[in-house]
Amino acid sequence: MFEHIPAYAGDPILSLVEQFLRDERATKVNLSIGLFYDDDGNIPLLEPVQEAEDRLVAQHRARSYLPMDGDAEFREAARAYVFGDKHEAVTSHRIASVQAIGGSGALKLAADLVHRYFPQSEVWISQPTWDNHRAIFEAAGVKVNEYPYYDRENNRIRFDELLACIQTLPARSVVLMHPCCHNPTGMDLSHEQWQQLITVFKQNNLIAYLDMAYQGFGQGIEEDAWTVRAFAAAGLSCFVGSSFSKSFSWYGERAGALHVVCASAKEADCVLGQLKAIVRQIYSSPPVHGAAVVNMVLRDPILRTRWEQDVNHMRARIQEMRQVLQKIISAKVPGRNFDYFTQQQGMFSYTGLSAEQVDRLREEFAVYLVRSGRMCVAGLNHHNVEYVAQSMAQVLQE
Ligand code: LMR
């Protein structure tokens, strides 16, 4: 019955994790998937998160179903985390917010909504982008195109070409952008460049999907939300995907949200209703636990302050590892400029390594990067950075 089903070619990121786990070499280093490790190489369970979890578990609450759109308190807290609680779009109730199964789940809900209610619209993603963006929209039946974003040769954003491309898009095109910590390049637009884009989005009646999976890992929790808030303040209707996987070190709990900024509260009600219908048709309602913990941390002033300190610490550790790597590798590979390691933001660095060089790093040195050359800087630590830099230097020079 199933013999016509072909083997799965594997996912460019998740299959590497499987391979890494099977690798028995003691020197192995995982710099592939976006996971934050502490300086001892462990994925942390943040203390305020653990405390919230302990409190919730002690309540021995029954597990009824959540509503289709998720827990109401969580949705409100998640919205305030992204937009701030005083943003005009929030106070005028024109944002439809749904609890989502992580940032990927938010994308899937939006992709289905686009397919249903914008049948003429196509999606535009950055070249390059997170591998799964294309897959999620195509699986929902939406055509996906690319806009220029990154110049690999010169390690810079191709902003003029990006802007020129966006200017030509038909009205109601969906343009997927990364408001902070661009994945995979780590290169973000400036406020001035975002303002120029906002003008074009308004003039040409375009819809942004702002995928914010790394809020807090760029400049800070508030600072990283600047772009999203600017789009909403400009009166633009848009999608915002938000994830607590990284900022809470809460990956497997799949806690995220989709916010749809609408023109009015009435419109937001209808959008929310249709998102509920989509949820019902895929998984009925979201899970309780991960979002309940996030909600408690966001609402409890003491836990929140401690969590914000943790986010600041994670961000600072990533920035420090960027500097250490840049310094060591610059000494090992003279004549090549590695400044991009410290100019990029967030978890990822686009190293400029070719797929063949990445393969050599993995096969000869057990250092795992994504084949696009993307490195998760948050997997470096003081114990492995010298080894990684040495391995990279060898691959680059031989
Ligand atoms: C990544 O880009 O590594 C993360 O967003 C995890 C994932 O699901 O790919």
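Asp23 sits in the loop between α1 (14-22) and β1 (29-30). Helices (H or I, at least four residues) and strands (E, at least two) are DSSP runs, numbered from the N terminus. The model is predicted: local features need pLDDT of at least 70, side-chain atom pairs count only at pLDDT 80 or more, and totals for chains, interfaces and linings use all residues. Residues are numbered from 1 along each chain as its sequence is written, and side-chain values use heavy atoms, leaving out hydrogens and water.

**Around Asp23**
- Asp23 counts as buried because its relative accessibility is 11%; buried means under 20% relative accessible area (1.4 Å probe, protein chains only).
- Asp23 touches Lys28, Ala366 and Tyr368, not counting residues up to four places away in sequence. Contact means heavy atoms within 4.5 Å.

**Two domains**
- The domain assignment gives domain 1 (12-44 + 311-397) and domain 2 (63-299); such bounds come from an automatic or database assignment.
- Their centres, taken over C-alpha atoms, are 28 Å apart.

**The interface**
- In domain 1, 26 residues are in contact with 24 residues of domain 2.
- The largest share of the side of domain 1 that touches domain 2 comes from α13, with five residues.

Key: Buried < 20%, exposed > 50% of the residue type's maximum accessible area, 1.4 Å probe, protein only.
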